[in-house]
Amino acid sequence: MKLIEEKCQKNKYMKVSIIICTYNRQENIKYNLATLNNHCKNFIHHIYVIDNASNLPQSLSNDFISIIPNKNLGGSGGYARGMYEAKKDKETTHIILMDDDIKFEPDVLQNAISRLNDIDKNDWLAFGMRTFEKPNIIYENTAFWNGIRPIANHRGYNLIKDKQWKRRKCNYAAWWSLIMPISVIDKYRYPMPYFIKSDDVEYALRRRNETIHCFKDISILHEDFDKKYNHYIEYYNIRNYLITNAIHLKHSLLKSWLMYVLRMGKSWLTGNFKKIKLANIGLKDFLLGPSCITNTDLSEKNTMIRDMTNKAKINLINIITFPFIVFFNSLVLVFKYRRVRKQYLDSYQYLTSEAYWEKQFNS
């Protein structure tokens with residue numbers, strides 16, 4: 001611990017600010033803010049809490065913590081707002097994007113910041129994730145998006161029993177906790193307005209030369225995602241993965257087609273028909289082009305998707321016809337893909353710009 005403190009002293013020129021996006025998780029936020037306030041002031045510069053529900057008491061604010069009410073623009077909009085606010089502070093050199101429902105140990109956070117001395121100033125540092133149920137087992141520490149499915153790195157690594165730690169190929173790291181230099185905003189602008197899901201994948205794929213570093217002793221605790229899963233998430237998975245592929249992959253049609261067909265095939269075989277229904281809505285919206293984002297109130301759209309999920313009723317006719325619907329939709333994807341991909345590429349600069357996000361914050 002003494003060595004870590006000494007390394008933190010060396011990088012005093014680094015001012016690391018934390019950005020937390022939250023929505024109606026007051027108990028989690030109060031717990032994490034109390035921990036940060038009591039144990040982390042000597043190595044954290046500032047904390048920006050973006051309150052998408054606008055119901056956190058301002059009494060939580062002080063010289064160290066800023067509670068910022070925000071329109072409900074989802075996780076991507078919350079992090080965009082936090083980046084926007086942090087950029088105003090000319091002292092901040094690094095930002096940590098952090099989930100509101102994690103549990104972290106202050107010494108791990110301090111250890112992570114001390115490691116910034118050991119990496120290039122432009123590189124990123126990822127936190128691994130462990131679950132509350134299995135705190136000694138890594139759930140994920142960096143990952144790789146291959147255009148078809150995400151591949152979690154180091155899954156199953158036992159922090160007590162396993163000794164060998166091999167670097168794995170990665171091209172993104174999740175935003176439950178990730179350190180980036182604030183210069184990423186000037187280089188790569190702001191997140192895509194996905195609302196939720198895969199905004200961390202898309203943003204990381206913008207990197208040109210920066211490395212994402214990970215260490216086995218730097219991780220946070222988080223609830224198992226399987227416990228949090230809701231069928232409506234598949235709408236965002238399909239729509240946002242398709243957009244991400246269209247923007248970043250050179251030969252994206254084949255991978256996008258395979259991604260859609262394979263996910264639907266698995267859902268049909270496992271009897272997850274609500275998932276198929278929501279995925280097909282996601283595909284339909286993707287094919288509308290950027291207007292599915294720009295001409296939509298993101299919060300209202302999210303409410304509509306959730307309501308559709310709750311009201312969806314699957315009968316025998318649906319079960320029989322789903323394979324034919326998926327086959328038809330896959331053909332539509334092939335025929336419309338080239339035109340739609342160009343639309344996303346043409347609008348990409350604007351959708352990730354400060355001008356776009358300022359308009360959303362102030363609307």
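This is a predicted model: local features need pLDDT of at least 70, side-chain atom pairs count only at pLDDT 80 or more; totals for chains, interfaces and linings use all residues.
Local features need pLDDT of at least 70 and side-chain atom pairs pLDDT 80 or more, while totals for chains, interfaces and linings use all residues. Residues are numbered from 1 along each chain as its sequence is written, and side-chain values use heavy atoms, with hydrogens and water left out.

Student: How many salt bridges are there?
Tutor: A salt bridge here is a side-chain nitrogen of Lys or Arg within 4 Å of a carboxyl oxygen of Asp or Glu. R25, D100 and D101 are linked in a network of such bridges. By this rule the count comes to 14.

Student: Which residue forms a salt bridge with K87?
Tutor: K87 is in helix α3 and its partner is in helix α14, 267 residues apart; helices are DSSP runs of H or I with at least four residues, strands are runs of E with at least two, and both are numbered from the N terminus. K87 is partly exposed at 29% relative accessibility, where buried means under 20% relative accessible area, exposed over 50% and partly exposed in between, with a 1.4 Å probe and protein chains only. The closest N and O atoms are 3.7 Å apart, and the partner is E354.

Student: In which helix does R263, the partner of E234, lie?
Tutor: The side chains of E234 and R263 meet in a salt bridge at 2.9 Å, N to O. E234 counts as buried, because its relative accessibility is 0%. E234 lies in helix α8, so the pair ties together parts 29 residues apart in sequence, and R263 lies in helix α9.

Student: How far from R189 is the nearest side chain of opposite charge?
Tutor: R189 lies in the loop between α5 and α6. Its contacts (heavy atoms within 4.5 Å) include M83, Y203 and Y348. Lys and Arg count as positive and Asp and Glu as negative, with His and the chain ends not counted. R189 is buried yet has no salt bridge, and the nearest side chain of opposite charge, E202, is away by 6.6 Å.

Student: Which residues are exposed on the other side of α14 from its buried residues?
Tutor: The buried residues of α14 are Y356, W357, Q360 and F361. They are on the same side of the helix because they cover an arc of only 130 degrees around the axis, taken from the directions from the helix axis to the C-beta atoms. What covers them includes α3, α11 and α13. The exposed residues on the other side are K359 and N362.

Student: What is the phi of F195?
Tutor: Most residues other than glycine have a negative phi. S54, not a glycine, has a positive phi of about 55 degrees and sits in the loop between β2 and β3. F195 is in the loop between α5 and α6 and is buried at 4% relative accessibility. The phi of F195 is also positive, near 75 degrees.

Terms used. Lists of a residue's contacts leave out its neighbours within four places in sequence.
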